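Please open the structure in your viewer and keep the selection tool at hand.

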Amino acid sequence: VLVTQVPVRAKLGAQGVLWNVFTYNIGMSYADIKNRLVATGDMLHPIQYDSYTGKMSAVASLLLKTKNIEAGMELNYSHYLPQSNQGSEPATVTLMAPAWEGNAFVRYNLRERFIFSAEADYRSAVDARMGPEGVVQLPAYLDVEARVSYVYNRKMTFYLNADNLLNAEIQYIPGYREPGINFGLGVCYKF
């Protein structure tokens with residue numbers, strides 16, 4: 001069994017508050033990662049180790065928070081530096097590692113009773129596994145969801161949510177597609 005190692009990690013960034021309602025964070029990082037464990041969903045090789053020399057990342061986020069409204073967004077970019085194999089073979093493919101990931105959300109709280117929220121998640125296409133036909137790629141997706149909650153009291157909340165409103169083809173594991181547009185209705189009770 002190989003152990004994932006991160007012998008080198010460096011970060012540089014800035015964060016702060018603007019006008020007492022906005023919080024921002026920008027930064028970049030580098031990590032030297034060895035033997036990253038990857039779950040591929042391949043029946044013959046469900047677990048693989050992905051070796052590469054480095055990961056360079058950049059992140060930017062912005063959060064707005066007022067008495068009734070909370071909103072934010074975050075965007076991440078990662079560039080992987082593949083490790084060359086022995087001899088003249090090409091560099092290995094970095095598996096299950098999207099270049100772009102993003103998230104945005106908004107939440108409105110009306111008198112601590114009704115809560116309206118929406119969220120969007122984005123992930124660029126990823127190389128999922130090596131197969132007989134070469135690299136299998138999972139498609140990029142944009143997942144949009146919405147939720148309405150009614151807080152009955154401190155212990156009980158009723159909610160209605162809608163997921164994957166764009167009917168995107170979302171796959172975390174090759175061949176296993178998440179449901180299309182779907183709705184949920186429920187009750188949360190805190191003991």
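Helices (H or I, at least four residues) and strands (E, at least two) are DSSP runs, numbered from the N terminus. This is a predicted model, in which local features need pLDDT of at least 70 and side-chain atom pairs count only at pLDDT 80 or more, while totals for chains, interfaces and linings use all residues. Residues are numbered from 1 along each chain as its sequence is written, and side-chain values use heavy atoms, with hydrogens and water left out.

**First stop: Ser57**

Select Ser57, which has its place in strand 5. Is Ser57 buried or exposed? Buried means under 20% relative accessible area, exposed over 50%, and partly exposed in between (1.4 Å probe, protein chains only). Ser57 counts as buried because its relative accessibility is 17%.

Leaving aside neighbours within four places in sequence, Ser57 is in contact (heavy atoms within 4.5 Å) with Gly27, Met28, Ser29, Tyr77 and Ser78.

**Second stop: the largest pocket**

A pocket is, on a 1 Å grid over the protein atoms alone, an open set of points where a 1.4 Å probe fits, with protein on both sides within 12 Å along at least five of seven lines; lining residues have an atom within 4 Å of a point. The largest pocket holds about 320 Å³ of space. Select Ser29, Lys55, Ser57, Asn76 and Ser78, the closest to its centre of the 19 residues that line it. Strand 2 (22-34) is among the strands that supply at least two lining residues; its 6 residues are the largest share.

Select strand 1 (5-18). Of the 14 residues in strand 1, the count of buried ones is 1. Strand 1 and strand 2 run antiparallel and are joined by 12 bridges; two strands pair if DSSP finds at least two bridges between them. Gly13 stands opposite Gly27 in strand 2. The two strands form a hairpin with 3 residues between them, and Trp19 in the turn has a positive phi of about 55°.

**Last stop: the second largest pocket**

The second largest pocket contains about 210 Å³ of space. Select Ser117, Ala118, Glu119, Glu145 and Arg147, the closest to its centre among its 14 lining residues. Strand 11 (141-151) gives the most to this lining, with 5 residues.

Key:
Points joined across faces, edges and corners; volume = space filled by probe spheres on them.
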